[in-house]
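Here are my notes on the model, in the order I went through it. Have the viewer open while you read.

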Amino acid sequence: MEEQISRSEQKRQFRQIEAVAGELSELSDPELKRLPGSAELKAEILLCKKTKAGAKKRQIKYIAKMLHNEKREDILRFLQEKKGSKLKENQFQHEVERLRDRIIDDALLAYETYRQNQDKWDLDWQSEAIVQALHRYPDLDERELRSAAHQYARNRSKTYYRELFRMVKAAAEKKRLNEKKEQSAGKAADSAET
């Protein structure tokens, strides 16, 4: 015996499917190519991306209706993986920003201390954040890092602020890429053994 679904529940389910259709309409072209779904669905999503306002709302409703005939589990899994990768990328960006900010805080504190003591501030000032950054990302150039932080603390130029971010991000991306290569090599070695 089939369970009866109330009209309210049917509407709630359709709104959820509409939300999925809305997310699909925001996919980039490369993501859309990887989407598990029919060619007709992908064509309608492309059309939806080109439409505006009310027409877009109608197109999203039509895509939601089309989703009833698609393998929704695969599509939902795809969207979940996409969101997960965006969250991971955001987390990576925030980690780099926090490290840059700690370096800048150390530089500002050191600059203020040297200024109060009326000492000359050179590039060999003590910074726990720089030590941590170099330990975590060995590809960082300590001299460039210290110089950019030093320049920022002295004149508060956003150029050096952005330069510090660029340096830390480049070193972090290089480390992340090397870790991915090592994981791939490890998986390849494991599969070769079996």
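1. Starting with the run of elements: from the N terminus on, the protein goes α-α-α-α-α-α-α-α. That makes eight helices and zero strands. Keep in mind that this is a predicted model.

2. On confidence, the mean pLDDT of the protein is 86, and 94% of its residues reach 70 or more. Confidence is lowest in helix α1 (residues 7-24), at a mean of 84, and highest in helix α7 (residues 142-155), at 93.

3. Now the overall shape. A compact globule of 194 residues would have a radius of gyration near 16 Å, whereas this protein comes out at 26 Å. Along the principal axes, the C-alpha atoms fill a box of roughly 85 × 55 × 35 Å. Buried residues account for 29% of the 194. The accessible surface is about 13800 Å², and carbon and sulfur atoms contribute 48% of that. As for contacts with a separation of 6 or more, 61% of them link residues 24 or more positions apart.

4. The buried residues of α1 are I17, E18, V20, A21, G22 and L24. Note that E18 is on that buried list.

5. K71 is a loop residue, placed between α4 (53-66) and α5. Is K71 buried or exposed? K71 is exposed, because its relative accessible area is 60%, and the cut-off for that label is over 50%. Have a look at S38 while you are there: K71 and S38 are 33 residues apart in sequence, but their C-alpha atoms are 9.3 Å apart in space.

6. R100 is found in helix α5 (residues 72-116). With a relative accessibility of 7%, R100 counts as buried, since buried means under 20%. Which side chains does R100 pair with? One is D101, through a polar contact of 3.0 Å between the two side chains. Another is Y161, where the side chains also make a polar contact, at 3.0 Å. Leaving aside residues up to four places away in sequence, R100 touches Y161, L164 and F165. Y161 therefore turns up both as a polar partner and in the contact list.

7. At its start, a side-chain oxygen of D141 reaches to within 3.0 Å of the backbone nitrogen of R143. Buried in α7 are L145, R146, A148, A149, H150, Y152 and A153. After α7 comes R156, with a positive phi near 55°.

8. Finally, R146, which is found in helix α7. R146 counts as buried because its relative accessibility is 10%. Not counting residues up to four places away in sequence, R146 touches L123, D124, W125 and I130.

Technical notes:
Residues are numbered from 1 along each chain as its sequence is written. This is a predicted model: local features need pLDDT of at least 70, side-chain atom pairs count only at pLDDT 80 or more; totals for chains, interfaces and linings use all residues. Side-chain values use heavy atoms; hydrogens and water are left out. Helices (H or I, at least four residues) and strands (E, at least two) are DSSP runs, numbered from the N terminus. Buried means under 20% relative accessible area, exposed over 50%, partly exposed in between (1.4 Å probe, protein chains only). A polar contact is a pair of N or O atoms within 3.5 Å; within protein, one must be able to donate a hydrogen and the other to accept it, and residues adjacent in sequence count only if both atoms are side-chain atoms. Contact means heavy atoms within 4.5 Å. pLDDT is the predictor's confidence in each residue, from 0 to 100. The radius of gyration is taken over C-alpha atoms; the globule rule is 2.2 Å times the number of residues to the power 0.38. Accessible areas come from the Shrake-Rupley method with a 1.4 Å probe; for residues, only the protein chains shown count as cover.
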